[in-house]
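Please examine the structure shown below.

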Amino acid sequence: MSLELAREKRVLTAFARGVLGNAYRPDVPDQMLATMAQIPSVKDRKQFFGALRALDTKSGALLLTGKATPLSWRAPHEAEAVLQKWKKSRLELHRQLAGGLISASVASLYGHPSPEWKRIGYPGPLGPAPAGPRRFAPIELDSDTHLSCDVVVVGSGPGGQTMAAHLAKAGLDVLILEKGAYRSESEFHHYESPSQRELYLYGATLTSKDGGVRIISGSTLGGGAVVNYTVSFHTPPRVREQWTQISGIDAFSSGEFEASLDEVAAKLNVNRDSSALNPRERFVEEGLKQLGWHIDQMPRNVKGCPQDEGCGFCGFGCRHGAKQGARVFLEDAVASGAKILTHAEARKVVIRDGKATGIEGIANGHALRIDARKAVVVSAGSIETPALLLRSGLGGQVGHHLHLHPGTGVWGVFEDEARPYEGVQMSRYSDEFRGWDDGYGPILESVPIHPAAFATVTPWTSAAEH
């Protein structure tokens, strides 16, 4: 272990002890290091680890805490007091450090097997993943490579794979680039924190600049459809009309776009018959009925979903392959001759004479160049798509007007047992307040939640209170 890494670990150990108190375990600092190594911004990552190293020196500790004693020398209650002070600080750096360290500590404790699971009654993964075939055989490069094709599609999520399937079916030579890895159903182990690192963009560490909003996005072959909750609403008419007004594209409101939604919904088997109730969702249904509010079954893009306790773990991948959005169009694309390249990150769109002609990137640490004879399709999600286009020299409105879909939770304690990590991910919803805010009001629904995620969104005030 390098001197710098040893310093970082010593400081993380002190803070984790301060956050967790008697629940602290020796493996927590290593898990924290693994998580924080995925902080997406190089600048933020350097700043964070630089602060940790500084805290292990007298001068750095004095500057950041007001006391010239290295953090790793201090007792747990002293580290706890530093975090409590930082949480209320007027300095953004202090608040960011406190938020990151507290979240990483609790997630590292509860997201991996530990005695805490038994104490809180959490069973962890419901058995091993069943054996099964690998549906896809992606290409993985082991040297610098220069490829050519008709169309290169950046991103294998719902948008990218749908485009790839239609283009390949039309006879074009299609190559799909996926930044993440491919994991088959038999490789979904369902451990919470490792699954986040393996299946989510930047290990689910991406946040807004102030740290107030965590941005959740899939990053694996199949994209967000591998980890999402399969909810499949049509775009509301009012929203489509707004799109037409803003863009001038009549297809959104003429019926053409809606017909495409119908076609995709049929292809993905979107249905309302795969929404079995579980105790968590039953509380929602009973409450909505008592209030006399709107309630309906969720439309979900699944086929062969067992609708049992294990469905609550499907945010870490469905072991039954029931999520149609994660596979159907990819299978069509491959059947029509499309090829898939995993661990391949597009760094730049090559533009000549105003036309996109290819991609430059990195695959498994090696230089990658792809020439596209017909077109480049960028479908890397609402976060990575504008980032790629900005790196490629595009300007104007690129990178502006991002809208997030925020989620906020309401917790309750019930007389009857409800295991919030079990059962169909979403089976009931209410549109009672959808008309608010010009049609962008909240939808009421219930989601499964596991200990690490629950711990990170539960306000921390002290080790004892935690």
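Arg-119 is exposed, with a relative accessible area of 57%, where exposed means over 50%, buried under 20%, and partly exposed in between (1.4 Å probe, protein chains only). The side chains of Glu-116 and Arg-119 meet in a salt bridge, with 2.7 Å from N to O; the term denotes a side-chain nitrogen of Lys or Arg within 4 Å of a carboxyl oxygen of Asp or Glu. Both residues belong to helix α7 (residues 115–120) and are 3 residues apart, about one turn of the helix. An α-helix has 3.6 residues a turn, so residues three or four places apart point the same way. Helices here are DSSP runs of H or I with at least four residues, strands are runs of E with at least two, and both are numbered from the N terminus.

The model is predicted: local features need pLDDT of at least 70 and side-chain atom pairs count only at pLDDT 80 or more, whereas totals for chains, interfaces and linings use all residues. Residues are numbered from 1 along each chain as its sequence is written, and side-chain values use heavy atoms, with hydrogens and water left out.

In total, the structure holds 28 salt bridges. One of them joins Asp-150 to Arg-373, whose closest N and O atoms are 3.0 Å apart. This pair links distant parts of the chain, since Asp-150 lies in strand β1 and Arg-373 in strand β9, 223 residues apart. Asp-150 counts as buried at 13% relative accessibility, while Arg-373 is partly exposed at 46%. Salt bridges that share partners also join Arg-135, Glu-185, Arg-327 and Glu-331 into one network.

The buried residues of α8 are Gly-160, Gln-161, Thr-162, Ala-164, Ala-165, Leu-167 and Ala-168. The 12 residues of α8 (residues 158–169) should span 16 Å at 1.5 Å a residue, and the end C-alpha atoms are 17 Å apart, which agrees; the expected span is 1.5 Å times one less than the number of residues. Just after α8, Gly-171 takes a positive phi of about 100 degrees.

Attention now turns to the nonpolar interior. A nonpolar core is a set of buried Ala, Val, Leu, Ile, Met, Phe, Trp, Tyr and Cys residues joined through side-chain atoms within 4.5 Å. The largest has 37 residues, and Phe-15, Met-36, Leu-83, Trp-86 and Leu-101 have the most contacts inside it. Two or more residues come from each of α1 (3–20), α2 (28–36), α3 (42–55), α5 (76–87), α6 (92–110) and α17 (451–457), and α6 gives the most, with 9 residues. Leaving aside neighbours within four places in sequence, Leu-83 is in contact with Phe-15, Val-19, Ala-98, Leu-101, Ile-102 and Trp-460, contact meaning heavy atoms within 4.5 Å. Apart from this core lies another, of 19 residues, among them Phe-136, Phe-329, Leu-330 and Val-377.

Finally, 3 strands form an open antiparallel sheet in the order β4-β10-β11. At its edges stand β4 (296–297) and β11 (444–445), each with a single partner strand, so one side of each is left without a neighbour in the sheet. Strands pair if DSSP finds at least two bridges between them; β4 and β10 (residues 428–430) pair over 2 bridges, with Asp-296 standing opposite Tyr-429 in β10.
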